[in-house]
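Subject: Structure handover

Hello,

Here is the structure I promised to pass on. Please open it first, then read my notes below.

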Amino acid sequence: MSQIDTKIRGLLRPEILALSAYHVPDSKGYIKLDAMENPYTWPETMVEAWLGRLAKASPNRYPDPACHRLKAALKAANGVPEGAELLLGNGSDEIIQIILMAVAGPDVTILAPEPTFVMYRQIAVSLGLRFVGVPLREQDFALDADAMCAAIAAHRPAVVFLAYPNNPTGNLFAPDAIERILAAAPGLVVVDEAYAPYADASFMPSVLKFDNLVVMRTLSKLGLAGLRLGFLAGAKAWIEQLDKIRLPYNINELTQISAEFALEQQAILDTQINAILRDRQQLAEMLGKMDGVRVYDSRANFILFKLVGHAAPDIFQRLKDSGVLIKNLHPAGGMLAHCLRVTVGTPDENRRFLDALAEALAA
Ligand SMILES: *Cc1c(COP(=O)(O)O)cnc(C)c1O
């Protein structure tokens, strides 16, 4: 071993050495349907108005650390109940990190159903926390409320994460199953509503009705992934404590200005969302008609499907060779064996994906 390796191994925690980095594939030149982005850009007039706002920024000054105006706009746009407070993060990934840093310590357990969003496990493990994954029901990826409650009783988790809708499966868990978990959990329950714009279901109105519930959202899947802005809504008592861990200027000024501006253009964003919802329906129907494809119901802006009689890694590679990048979930194994996930794109992108898939399946 070289000297630098010896130093690294002697210094870093074993859980860090054992982690794999979160891998983001190079997507340049591909039809990009791998990351749940909104495929639509802004109309020219909106871009001009936005640049006019940005021209008034003061990059020499620190941004508003409390984000007063942005928080007010987020509360109004997201139906945050009167009396609930917000914590803002550089993406909701940072909020997951803040929550887990707040509870980190020896013998602390974090729990979530699996398969789910991989950052819950990744961040928990990077902080030296124990992570317990409870399998979803294999048939439909529904929450197994009995198994969840049994695991909660056995492990007494400090935090339970529930993605609602779930990524990468796309389904919404049953609200009564979530309420059972809220009643059983000794710690905090984070309902992650990253896909709220596409779901037509939310725990936001109930966020103050349970003393252990917080609701997390992001602007990423709405269409502002490049800004990196997520937020957590909850009782002031929770938010006040978590806010102590947040780095003072984590939301930069360009993000604050741009997000405030975008939230004023809700009608344009709504038009984009409605197009994506319409095209999700169509894409699911077309996929469902293909031989060898099993489609799962989605309440998000992506669709999970399983290949029957074909190897997912081969089909994924053939799609890629045709210039279409989606997500291969087969390496995750278990219930996700032979599963692929496609983000709903523009009608043209969806068509090109479907054509490429039909060709790949026929090859
Ligand atoms: C994409 C995603 C996030 C992360 O969103 P960012 O705000 O971009 O960090 C969080 N949770 C789920 C379930 C997601 O799919």
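**Cysteines**

Cys 339 counts as buried, because its relative accessibility is 0%. Buried means under 20% relative accessible area, exposed means over 50%, and partly exposed lies in between (1.4 Å probe, protein chains only). Cys 67 is buried too, at 2% relative accessibility. A search of the whole structure finds 0 disulfides. A disulfide here is a pair of cysteine sulfur atoms within 2.5 Å.

**Ground rules**

This is a predicted model: local features need pLDDT of at least 70, side-chain atom pairs count only at pLDDT 80 or more, and totals for chains, interfaces and linings use all residues. Residues are numbered from 1 along each chain as its sequence is written, and side-chain values use heavy atoms, with hydrogens and water left out.

**The ligand**

Which residues are closest to the ligand? They are Ser 92, Asp 192, Thr 218, Ser 220 and Lys 221, out of 13 residues that surround the ligand. A residue is near a molecule if one of its heavy atoms lies within 4 Å of it.

By class, this shell has 4 nonpolar, 5 polar and 4 charged residues. Ala, Val, Leu, Ile, Met, Phe, Trp, Tyr, Cys and Pro count as nonpolar; Asp, Glu, Lys and Arg count as charged; the others, Gly among them, count as polar. Two helices, α5 (92-103) and α10 (220-224), each supply at least two residues of the shell. Helices (H or I, at least four residues) and strands (E, at least two) are DSSP runs, numbered from the N terminus.

- Asp 192 has a side-chain N or O atom 2.5 Å from a nitrogen atom of the ligand.
- Lys 221 has a side-chain N or O atom 3.2 Å from an oxygen atom of the ligand.
- Arg 228 has a polar side-chain atom 2.7 Å from an oxygen atom of the ligand.

Taken alone, the ligand exposes 390 Å², and the protein buries 94% of that. Accessible areas come from the Shrake-Rupley method with a 1.4 Å probe; for residues, only the protein chains shown count as cover.

Arg 228 sits in the loop between α10 and β8 (230-235). Its phi is positive, about 60°, although it is not a glycine. Arg 228 counts as partly exposed because its relative accessible area is 29%.

**The β9-β10-β13-β12 sheet**

Four strands form an open sheet in the order β9-β10-β13-β12, with antiparallel pairing. The edge strands are β9 (293-295) and β12 (327-328), and each pairs on one side only. Two strands pair if DSSP finds at least two bridges between them.

β9 and β10 (residues 302-307) share 3 bridges. They form a hairpin with 6 residues between them. Across that pairing, Arg 294 has Lys 306 as its bridge partner, and Val 293 has Leu 307. On to β13 (residues 339-343): 5 bridges join this strand to β10, and the two run antiparallel. Ile 303 stands opposite Val 342 there.

Why is β10 described as largely enclosed by the rest of the structure? Because 6 of the 6 residues of β10 are buried. Phe 302, Leu 304 and Lys 306 point one way, and Ile 303, Phe 305 and Leu 307 point the other way. In a regular strand the side chains alternate between the two faces of the sheet.

**The loop between β5 and α8**

Where does Pro 165 lie? Pro 165 is in the loop between β5 (159-163) and α8 (175-184). The peptide bond from Tyr 164 to Pro 165 is cis, with omega near 0°. Pro 168 lies in this loop as well. The peptide bond from Asn 167 to Pro 168 is cis, with omega near 15°.

Asn 171 is another residue of the loop between β5 and α8. Asn 171 counts as buried because its relative accessibility is 11%. Its side chain reaches the backbone oxygen of Phe 141 at 2.8 Å. A polar contact of 2.5 Å also joins the side chains of Asn 171 and Thr 169. A polar contact is a pair of N or O atoms within 3.5 Å; within protein, one must be able to donate a hydrogen and the other to accept it, and residues adjacent in sequence count only if both atoms are side-chain atoms.

Best regards
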